[in-house]
Amino acid sequence: MNKSQLVDRIAQQIEGGRANATKAVDAVFDAIQEAVAGGEKVTITGFGVFERVERAARTGRNPATGEPVHVAASVVPKFRPGSEFKASVSASSD
């Protein structure tokens, strides 16, 4: 499912049609991105946790040549699914 399909699905469930659904989806995504970029943890009970993680510099390996390669430190977003989300996905695979 891409963003457009998500908006369409939400538009079927709320009043105001596609325009309001687009605004709602954009507002949620923007709020999560701003909070995580600012170092906050965003917890949505039953769904999961979005957080910012700092990765230390390390030495990696070039898979083609086997040569050691320096990998710089970085800051990345991370998502951990909640228990209800995990249970829902697990139940759908049965």
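A helix here is a DSSP run of H or I with at least four residues, and helices are numbered from the N terminus. The model is predicted.

Start with the sheet. Three strands make an open sheet in the order S1-S2-S5, and the pairing is antiparallel. S1 and S5 are the edge strands, and each of them pairs on one side only. From one strand to the next, the twist averages 25 degrees.

Now take the strands pair by pair. S1 and S2 run antiparallel and are joined by 3 bridges. Ile 44 has Gly 48 in S2 as its bridge partner. S1 and S2 form a hairpin with 3 residues between the strands. In this hairpin, Gly 46 takes a positive phi near 85 degrees.

On to S2 and S5. These two strands also run antiparallel, with 8 bridges between them. Arg 52 has Pro 77 in S5 as its bridge partner. Arg 55 stands opposite Ser 74, which is also in S5.

Next, look at the aromatic rings. The model has 5 aromatic pairs. One of them is Phe 47 with Phe 79. Why does this pair count as tilted? Planes under 30 degrees apart count as stacked, and those over 60 as edge-to-face. The planes of Phe 47 and Phe 79 stand at 50 degrees, so the pair is tilted. The ring centres are 5.6 Å apart.

This pair links distant parts of the chain. Phe 47 sits in the loop between strand S1 (42-44) and strand S2 (48-55). Phe 79 belongs to strand S5 (residues 74-81), and the two residues are 32 residues apart.

Buried means under 20% relative accessible area, and exposed means over 50%. Phe 47 has 35% relative accessibility, so Phe 47 counts as partly exposed. Phe 79 has a relative accessible area of 33%, so Phe 79 is partly exposed as well.

Phe 79 has another partner. With Phe 50, Phe 79 forms a tilted pair, 4.8 Å centre to centre and with 45 degrees between the planes. This pair too links distant parts of the chain: Phe 50 is in strand S2, Phe 79 is in strand S5, and they are 29 residues apart. Ring pairs link Phe 47, Phe 50, Phe 79 and Phe 85.

Finish with the empty space. Rolling a probe the size of a water molecule over the atoms shows where such space is left. The largest pocket holds about 380 Å³. Which helix gives the most to its lining? H2 does, with 7 residues. Helix H1 (3-11) and helix H2 (17-37) each supply at least two lining residues.

The lining also includes Ile 44, Phe 47 and Phe 50. You have met these three already. Other lining residues include Leu 6, Ile 10, Val 28 and Gln 33. By class, the lining has 11 nonpolar residues, 1 polar residue and no charged residues.

Methods
Residues numbered from 1 in each chain as written. Predicted model: local features only at pLDDT ≥ 70, side-chain atom pairs only at ≥ 80, totals over all residues. Heavy atoms only, no water. 1 Å grid on protein atoms, 1.4 Å probe; cavity = no way out; pocket = protein on both sides within 12 Å on 5 of 7 lines; lining within 4 Å. Points joined across faces, edges and corners; volume = space filled by probe spheres on them. Nonpolar A, V, L, I, M, F, W, Y, C, P; charged D, E, K, R; others polar. Phe/Tyr/Trp six-rings, centres within 6.5 Å; stacked < 30°, edge-to-face > 60°. Buried < 20%, exposed > 50% of the residue type's maximum accessible area, 1.4 Å probe, protein only. Pairing = 2+ DSSP bridges. Axes fitted to C-alpha atoms, helices over the stretch in contact; angles between N-to-C directions.
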